[in-house]
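Hi everyone, thanks for coming. Please bring the model up on your screens, and I'll talk you through a few parts of it.

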Amino acid sequence: MDGIELEILWSNLISIVSEQAKALQRIAFSPIVREAGDLASGLFDARGRMVAQANTGTPGHINSLASAGLSLAALFDGKLVPGDIVITNDPWMSAGHFFDITVFCPIFRHMQLIGYIGSTIHHTDIGGYGIGAGARDIHEEGLWIPPLKLYEAGEPSVMLHDIIRRNVRTPDHVFGDLSAQVSSGRSGGERLNALCARHGLDDIEALADEIIARSEKATRDAIRALPAGTWHGESQFDVPGGDVITLKAAVTIDNVAGEVTIDFEGSSGPSPMGINVVMNYTHAYSTFAVRSCLNPEQPNNYGSLAPIKVKAPEGSIINAKYPSPLNARHVVGMFVPMPILKALHQVMPDRVLAEGAGAVWTVQIQGKRSNGEAFTSSMFNYSGGMGARLTKPGPHATCYPTGVAAVPVEILEAAIPIVFDHRGLRDGSGGKGRSQGGDGQIIGFHMRTNEPWLLNAVPSRLDRGPEGLAGGQDGQAGRFTVNGKSVSEGKKMTMQPGDMVVLETPGGGGYGPLPIAAE
């Protein structure tokens with residue numbers, strides 16, 4: 001395919017899927033999607049291969065969606081007609097917990113399936129336990145939606161809609177967000193058909209083949225420029241309740257085949273808490289870590305992900321098996337890049353960063369308003385500092401590796417009876433070094449209620465701060481207090497009116513030793 005023609009078509013594809021994602025974000029009901037951008041959107045060919053992703057979204061969602069696309073396309077092969085919409089929140093097929101619902105919209109042209117628009121977003125509620133880590137097995141965590149048709153030939157599946165509506169606490173928000181996924185997906189399909197009409201294409205198979213082949217070649221060539229060998233990294237961090245999790249990564253570079261293999265042998269076993277991680281999610285953040293160091297300017301799709309292989313012991317905390325609880329899987333999953341970056345520091349020290357806070361601290365609140373009406377908040381989250389880089393400091397209060405934003409306090413105060421007493425940077429919490437780690441932040445709040453209320457808060461790194469790299473100093477560990485008393489709890493807590501909650505997120509690790517004069 002001619003290079004100029006390919007660039008024009010590629011730009012159109014990126015425009016289609018990015019506009020679809022922005023439309024989804026604008027019309028979503030939940031603040032975690034609308035304000036924080038906790039979503040992913042991708043365009044897939046008829047074989048379920050992700051061809052293009054939107055220029056917004058989180059790595060855990062988008063790279064898990066790439067895996068889900070292959071599974072759903074195979075499962076519904078030959079079973080779809082125009083107007084069908086597929087849905088699932090199966091953790092092992094998609095993004096690792098029930099809150100993340102994937103909607104897959106087939107695109108037909110002249111009655112022939114030519115591709116899909118897929119999206120995964122974090123929904124406000126899915127019934128069950130809630131966003132915390134306190135469930136004992138997956139069946140306590142909420143509604144499990146197997147791969148089914150949410151719409152059949154353009155008509156909603158009444159039975160499935162009724163099942164979902166009766167099993168969630170916030171049906172208006174859930175169905176508002178599902179409608180946003182469906183309508184934006186349909187709009188993306190219309191845009192792809194218009195692209196095909198403008199350029200005289202019956203389908204996008206040849207275009208997809210060209211994009212995927214070029215992306216894979218570029219990634220393999222980038223790997224071939226690296227030295228061959230195996231390098232090791234290890235990261236330890238504490239989770240709610242005080243347990244210490246160890247992730248070990250052996251990163252092997254084959255510069256003949258142009259492949260990278262990441263093996264997590266030796267990592268921690270399963271947890272009784274809901275912090276276990278499915279392989280899709282582990283794979284998503286592993287590939288993100290490698291690609292962000294290797295060739296981040298290249299498209300992220302089936303081709304560029306193919307040369308990166310990921311292995312983990314079956315049944316370990318990062319390759320969870322049924323019926324392991326998973327709802328707070330981000331607590332461990334967002335640390336997956338850390339040991340990989342430590343290993344890659346030995347190969348490309350100028351492209352990695354020191355350990356950061358890792359997982360965002362997530363909060364969900366349930367209670368009653370002053371008029372007695374029950375409410376369940378959308379999840380909201382706060383980040384610590386990022387780790388420093390070789391020549392740059394770590395950004396303050398920045399979500400890495402997930403990239404989601406914080407929901408503005410004004411939005412939360414308007415949506416639920418919460419009052420934020422304080423929010424600001426935690427000055428000096430970043431580790432010192434030639435480049436300093438980013439500072440964490442301090443958030444304080446209480447509830448406007450006369451009734452007891454429930455708090456699901458999932459902090460991490462309360463005992464061990466992020467490690468510095470190459471002689472840099474560690475960042476400060478976090479603090480989670482209720483009425484001034486330290487708490488380390490992964491389960492839902494019953495709070496009283498007037499209770500004051502303060503979150504102090506960790507600072508990022510420093511990079512390189514301090515200059516002698518500074519010491």
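This is a predicted model: local features need pLDDT of at least 70, side-chain atom pairs count only at pLDDT 80 or more; totals for chains, interfaces and linings use all residues.

Residues are numbered from 1 along each chain as its sequence is written, and side-chain values use heavy atoms, with hydrogens and water left out.

Let's begin with the sheet. Seven strands make up an open sheet, ordered 2-1-5-4-3-6-7, with antiparallel pairing. Strands here are DSSP E runs of at least two residues, helices are H or I runs of at least four, and both are numbered from the N terminus. Two strands pair if DSSP finds at least two bridges between them. At the edges sit strand 2 (50–53) and strand 7 (155–156), each pairing on one side only. Strand 7 is joined to strand 6 (residues 148–152) by two bridges, and E152 has E155 as its bridge partner.

Now the helices. Helix 3 (residues 59–75) lies across strands including strand 1 (39–45), at about 40 degrees to it. Helix 5 (residues 171–199) also lies across strand 1, among others, and runs at about 30 degrees to strand 4. For these angles, axes are lines fitted to C-alpha atoms, for helices over the stretch in contact, and angles run from 0 to 180 degrees between N-to-C directions.

Next, the hairpin. Strand 8 (residues 229–238) and strand 9 (residues 244–254) are antiparallel, with 10 bridges, and E234 is opposite K248. Five residues lie between the two strands, and G241 has a positive phi near 100 degrees.

What about the helix pair? The axes of helix 7 (residues 279–294) and helix 10 (residues 337–344) come within 9 Å, crossing at roughly 35 degrees. Contact means heavy atoms within 4.5 Å, and the residues making it include Y285 and A289 of helix 7 and I340 and L341 of helix 10.

One last stop: is T402 buried or exposed? T402 lies in the loop between strand 14 (380–382) and helix 11 (409–415). T402 counts as buried because its relative accessibility is 4%; the cut-offs are under 20% for buried and over 50% for exposed, with partly exposed in between, using a 1.4 Å probe and protein chains only. Leaving aside neighbours within four places in sequence, T402 touches T58, P59, Y285, M334 and V360.
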